Amino acid sequence: MFGPARNFALYIESLKKLAALVKEKNITELYPGHSEYPLPQDSVEKVLEDAENLYAGKILPIKKHEFMPCSVYQGSYTGFLYQQE
């Protein structure tokens, strides 16, 4: 999540909508575009929690990315490539 076209707050809002849909429809497995799959039902809530913590500044960078204009962050469940504004 870096560069002028990215909106991390909107990403968090999308995760909230997805989490509500997972609960409403009782979706038990998720098949993401990255990572191993299927992911369990609670994975959206875990990613959301990590994203909110990152956005709030509660997760510190581990290191600068080797060649991209961002830093590497690791939440309790989720890794992020993110550029603080």
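In what order do the elements of the protein run from the N terminus on?

**View 1. Order of the elements in the predicted model.** From the N terminus on, the order is α-β-β-α-β-β-β, with 2 helices and 5 strands in the protein (DSSP runs, H or I of at least four residues for helices and E of at least two for strands). This is a predicted model, in which local features need pLDDT of at least 70 and side-chain atom pairs count only at pLDDT 80 or more, whereas totals for chains, interfaces and linings use all residues. Residues are numbered from 1 along each chain as its sequence is written, and side-chain values use heavy atoms, with hydrogens and water left out.

**View 2. Packing of H1 and H2.** The axes of H1 and H2 lie 9 Å apart at an angle of about 160 degrees, which makes H1 roughly antiparallel to H2 (an angle over 145 degrees).

**View 3. The largest pocket.** The largest pocket has a volume of about 610 Å³ (an open set of points on a 1 Å grid where a 1.4 Å probe fits, with protein on both sides within 12 Å along at least five of seven lines). Of its 20 lining residues (an atom within 4 Å of a point), Tyr11, His34, Val47, Thr78 and Gly79 lie nearest its centre. Helix H1 (8-25), helix H2 (43-55) and strand E5 (79-82) each give two or more residues to this lining.

Technical notes. Points joined across faces, edges and corners; volume = space filled by probe spheres on them. Axes fitted to C-alpha atoms, helices over the stretch in contact; angles between N-to-C directions. Parallel < 35°, antiparallel > 145°, perpendicular 65-115°, else oblique.
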